[in-house]
Amino acid sequence: MKGLKQSTQTHVVFMLCILSLLVLPNLVASECTCDKSEETHDKAKALRFKIVALVSILMASTIGVCIPLLGKIIPAISPEKDVFFLIKAFAAGVILATGFIHVLPDAFENLTSPCLSDHPWGDFPFTGFVAMCTSMGTLMVDAYATAYFQKSHLQKAQVAVTDVEKEEEHVENNEVDLHTHVTHGHAHGHVSSNKSSELLRHRVISQVLELGIVVHSVVIGITLGASMNSETIRPLVAALTFHQFFEGMGLGSCITQAKFKRLSIIVMGLFFSLTTPMGIAIGIGISNVYDDNSPTALIVEGIFNAASAGILIYMALVDLLAADFMNPKMQKNSKLQIGVNISLLLGAGFMSFIAKWA
């Protein structure tokens, strides 16, 4: 009887194991559904959170992008001061962490979703491919745009110097004075050309950086606006507010160094500040028909997120950090180097921490 009882227990355990192997995969698979969510959400409560998010993100974006632009009013944060390097490094750390920790994982999640067909989305790592291509494309645009503007400015400078020389030929002055004046004109043109070349470089950087930030801002704005779950929206409000504030500081720093005209500064600042709120408004408008699990939504969001990540990572590493870290002013100041490194780590760490809710 004892042997029979042990045999029965063994048989029961064996059957339970077989049953668990058959049932558990189905239970796990049932957790991941590609159907539109049928949960009942409080739309009025979700809408209130969305309006709060829209207002707070608009204010944070505007304040963030304006702080570096106040260098003329507040001399302590002008581009010539050491504090400006610290602010820019912190903002660059935020942008870098945004690309690596927040945007790129979202893109991987979108483009590897079980809601997409295995072919072709399961056959190739499209997320990394799009991010890589976008980074290389940004490099090419960056290089060609800079070269084009430099060549254009150099031609204008040469024409200006030639005109000066022609005018001097008609003036009957001492030969030595004439030679000295023309030589001074060439030297002045050379110095002016170098300064203009650096200025054009900053302008290209600020415009390309704004493009990458805007692409990401539209996606997160639409995603937040289309969500109907107030429990999901609530933590996003604080996270995205801080996120947009520090991204605005990074962009504002680049705009400050580019020394655009007042109208261009206002347009770029407004464009950045309004992008995420406009995305939220669009998301609210399409929330009744938007399905975040549909293949089209997943593919579009995934590609845009991957492209944005590629741009942000390239800009943060190459145009923001490398340019400042190799700056002669920083190379000669060991205390400033230490401070900038700490500021960079704090910015990246802070954004990595709040990415948990974003």
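The questions and answers below go through the helices, cores and ring pairs of one predicted model.

User: How is the model numbered, and which pLDDT must local features reach?
Analyst: Residues are numbered from 1 along each chain as its sequence is written, and side-chain values use heavy atoms, with hydrogens and water left out. In this predicted model side-chain atom pairs count only at pLDDT 80 or more, totals for chains, interfaces and linings use all residues, and local features need pLDDT of at least 70.

User: What is the mean pLDDT of the chain, and over which residues does pLDDT stay under 50?
Analyst: pLDDT is the predictor's confidence in each residue, from 0 to 100. The chain has a mean of 77, with 75% of its residues at 70 or more. One stretch with pLDDT under 50 is residues 1-32, where the model has two contacts (heavy atoms within 4.5 Å) beyond four places in sequence. A further stretch below 50, with six contacts beyond near neighbours in sequence, is residues 174-191.

User: How many helices and strands are there in the chain?
Analyst: Helices (H or I, at least four residues) and strands (E, at least two) are DSSP runs, numbered from the N terminus. From that end on, the elements run α-α-α-α-α-α-α-α-α-α-α. The count is eleven helices and zero strands.

User: What share of the 358 residues is buried?
Analyst: Buried means under 20% relative accessible area, exposed over 50%, and partly exposed in between (1.4 Å probe, protein chains only). By that rule, the buried share of the 358 residues is 39%.

User: Which residues have the most contacts inside the largest nonpolar core?
Analyst: A nonpolar core is a set of buried Ala, Val, Leu, Ile, Met, Phe, Trp, Tyr and Cys residues joined through side-chain atoms within 4.5 Å. The largest one has 34 residues, and those with the most contacts inside it are Leu209, Leu251 and Met315.

User: Which helix gives the most to this core?
Analyst: Helices 3, 6, 7, 8, 9 and 11 each supply at least two residues of the core. The helix that gives the most, with nine residues, is helix 9.

User: Which residues is leucine 209 in contact with, beyond four places in sequence?
Analyst: Neighbours within four places in sequence are left aside here. The contacts of leucine 209 are then Ile95, Gly250, Leu251, Cys254, Leu312, Met315 and Leu320.

User: Is asparagine 305 buried or exposed?
Analyst: Asparagine 305 lies in helix 9. Leaving aside neighbours within four places in sequence, its contacts include Val103, Asp106 and His216. Its relative accessible area is 5%, so asparagine 305 is buried.

User: How far apart are the C-alpha atoms of isoleucine 51 and alanine 281?
Analyst: Isoleucine 51 lies in helix 2 (residues 43-66) and is partly exposed, with a relative accessible area of 48%. Alanine 281 is 230 residues away along the chain. The C-alpha separation of isoleucine 51 and alanine 281 is 8.8 Å.

User: How far apart are the end C-alpha atoms of residues 306-326?
Analyst: The unreviewed UniProt entry lists residues 306-326 among those for "transmembrane region". Such annotations may be inferred rather than shown by experiment. In the model this span is 95% helix and 0% strand, and its end C-alpha atoms lie apart by 28 Å.

User: Why is the pair of tryptophan 121 and phenylalanine 126 called tilted?
Analyst: Rings of Phe, Tyr and Trp (its six-membered ring) pair if their centres lie within 6.5 Å; planes under 30 degrees apart count as stacked, over 60 as edge-to-face and the rest as tilted. Tryptophan 121 and phenylalanine 126 have ring centres 4.9 Å apart. Tryptophan 121 is buried at 18% relative accessibility, while phenylalanine 126 is partly exposed at 23%. The pair is tilted because its planes stand at 55°.

User: Which residues do ring pairs link into a cluster?
Analyst: The structure holds seven aromatic pairs. The cluster linked by ring pairs is Phe90, Phe242, Phe245, Phe246 and Phe350.

User: Which residue does a cis peptide bond join to histidine 119?
Analyst: The omega of this bond is about 10°.

User: What is the phi of lysine 259?
Analyst: Lysine 259 sits in the loop between helix 7 and helix 8. Lysine 259 is exposed, with a relative accessible area of 58%. Although lysine 259 is not a glycine, its phi is positive, at about 55°.
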